[in-house]
Amino acid sequence: MREGRSSEMSDEEPPGGGGPPPPFSDQVLENVLESVLQFLDCRRDRNAASLVCRSWCRAEGQTRRELFIGNCYAVSPARAVERFPRVRALVLKGKPRFADFELVPAGWGAGFSPWLAALATSNPWLERLCLKRMSVSDADLSRLARSFPSFRDLTLICCDGFGTVGLAAIAEHCRHLRVLDLIENDVEDQGLDWVSRFPESTTSLESLVFDCVGCEVNMDALEALVARSPSLRRLRVNQRVSVRQLRSLMVRAPQLSDLGTGSFGEGGEVGEGEGEVEVADLEAAFAASRSLVCLSGFRNHAPQFIPAIYPVCANLISLNLGYSVITAEELEPVIIHCHNLQTFWVLDTVHDEGLQAVAATCKDLRELRVFPLDGTEDSEGFVSDIGLIAISEGCPKLRSILYFCHGMTNAAVVSMSKNCPELVVFRLCIMGLRRPDRLTGEAMDEGFGAIVMNCKKLTRLAVSGLLTDKAFLYIGKYGKSVRTLSVAFAGNSDSGLRYVLEGCPKLQKLEIRDSPFGDAALLSGLHHYYSMRFLWMSSCKLSIRGCKEVAQRLPHLVVEVIRDRPEKDDDEAIDDGEAVETLYMYRSLAGPRDDAPRFVKIL
């Protein structure tokens with residue numbers, strides 16, 4: 001399934017009937033390419049333009065420079081390359097988002113190799129690549145580095161399968177590299193010094209992010225690299241970098257606008273009596289970094305170094321403390337200076353008091369994420385409805401919020417909906433199974449109902465807590481702009497899902513886990529699945545019979561049943577009454593994939 005008219009290509013026939021395409025006249029080239037296509041930067045507009053006629057479709061494909069593919073199995077690599085032969089930038093997504101929560105078994109798929117093979121043989125002009133939740137090998141990275149002479153930007157997000165050998169190949173052979181961003185990847189330490197493989201001459205690096213790489217880095221090589229990269233604006237180091245080493249890097253790159261600090265701890269390098277001097281030196285380095293507006297890192301931070309960042313707080317628009325076990329007492333002296341902050345990520349260790357301090361100061365806040373220190377269901381959280389109410393009252397410009405907590409009230413969520421009507425993203429994750437309003441004991445239906453009623457621009461919603469079908473009735477009735485919906489441990493009958501599928505016309509991505517929705521609920525969405533990118537349902541009440549019926553009635557839909565028992569033979573018959581552990585459905589122009597592992601049955 002694809003977003004809207006397809007992020008990558010349309011499978012609809014443009015007007016004009018069958019037969020070969022008409023001649024590509026000079027007039028069409030002039031009118032389309034110069035008068036229309038040059039103004040179309042939005043992929044949705046380009047998708048619409050490609051449906052006008054065959055000549056427009058061809059012109060749009062020939063002039064497309066940036067390509068987004070939200071599901072690597074939605075189209076074959078060969079077809080994508082043929083349709084868009086001159087693409088310079090590609091964004092490619094693989095595994096479903098629930099892979100982040102270990103709900104997708106290892107070895108499921110989403111390998112990058114077929115895409116690389118198609119690109120390398122047909123498109124030598126590729127310059128930028130962003131992969132998310134893909135399996136990438138060292139051999140892939142090596143071939144990537146050697147296949148595209150002008151390649152300059154590589155971003156890997158939540159990918160696996162590669163290590164320092166692959167990174168060394170990128171550093172050594174991509175001579176025009178501007179961006180190497182490694183974000184939340186599983187990178188294998190193969191004992192290779194990849195940092196020293198960058199060219200010894202002046203580099204074009206503008207962004208280097210490797211905070212997810214757990215292995216030791218060659219600090220001499222890193223310092224030398226930073227020193228000969230005058231265009232470097234973003235640098236995020238890993239937790240092996242101490243504050244002393246961080247200060248040395250900052251001295252060599254005072255032009256940085258985005259800094260990830262690494263551990264922000266002593267790292268065993270500060271001797272007795274040297275702490276105060278080290279803080280003063282670090283503070284001086286921050287004071288000299290006048291362009292710094294984004295700050296992150298602070299893993300395993302030492303509290304005595306926190307005051308060193310005070311000189312840059314007034315300029316910050318983004319502060320990420322999502323890996324820092326920071327307390328309210330440590331946060332308040334920092335946040336009191338952050339009047340221009342627009343994005344803030346933090347652990348719940350700041351308690352409601354810390355969020356109250358944020359609300360009192362950060363009046364321009366647009367995005368807030370509050371993560372749990374302990375993500376287990378039976379753990380004790382540190383933030384509640386009190387912190388949410390404070391944020392809603394103090395940050396009226398809020399557009400996006402992700403909030404993990406262990407106790408919530410309908411009143412707090414209603415307050416958020418009224419005080420922050422411009423919300424586009426609302427993700428409330430109440431830890432624990434089906435927890436009700438912590439004060440009244442009622443279901444959380446009215447709170448989420450208020451969100452979809454009062455926040456007319458809402459496109460992404462995650463619901464949790466004790467919810468009945470009434471909450472889904474509200475979503476179906478008022479959530480007309482919702483594109484992504486995440487549901488966990490919610491609902492009490494098939495009617496709940498039916499309300500959503502029949503009432504949310506723009507729904508693109510629907511992910512559900514541990515909810516009592518069965519075959520009747522699944523079949524109620526037959527009219528809508530072709531216009532969606534995907535549907536994921538795990539630990540629900542589906543049967544093979546219901547999933548087969550969807551596959552039979554919608555032949556262009558790929559219906560995957562993911563089993564927890566990979567030892568089953570591929571040819572073993574599946575009983576129609578057998579319960580489905582995980583269902584993953586998506587539309588594909590390429591049909592069923594040919595790399596499905598044994599535990600995946602495509603119906």
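Two cavities of 30 Å³ or more were counted. A cavity is a set of points, on a 1 Å grid over the protein atoms alone, where a 1.4 Å probe fits but cannot get out. The model is predicted, and totals for linings use all residues, whereas local features need pLDDT of at least 70 and side-chain atom pairs count only at pLDDT 80 or more. Residues are numbered from 1 along each chain, and side-chain values use heavy atoms, without hydrogens and water.

The largest cavity holds about 60 Å³ of space. A volume here is the space filled by probe spheres set on the grid points, which are joined across faces, edges and corners. Lining residues (an atom within 4 Å of a point) are Leu67, Ala80, Val81, Phe84, Val87, Leu90, Trp115, Leu119 and Asn123. Helix 4 (77-83) and helix 5 (113-122) each give two or more residues to this lining. Helices are DSSP runs (H or I, at least four residues), numbered from the N terminus. By class, the lining has eight nonpolar residues, one polar and no charged. Nonpolar covers Ala, Val, Leu, Ile, Met, Phe, Trp, Tyr, Cys and Pro; charged covers Asp, Glu, Lys and Arg; the others, Gly among them, are polar.

The second largest cavity has a volume of about 30 Å³. Phe298, Ile306, Ile309, Leu321, Ile326 and Val334 line this cavity. Its lining has six nonpolar residues, no polar and no charged.

Notes:
On a 1 Å grid over the protein atoms alone, a cavity is a set of points where a 1.4 Å probe fits but cannot get out, and a pocket is an open set with protein on both sides within 12 Å along at least five of seven lines; lining residues have an atom within 4 Å of a point.
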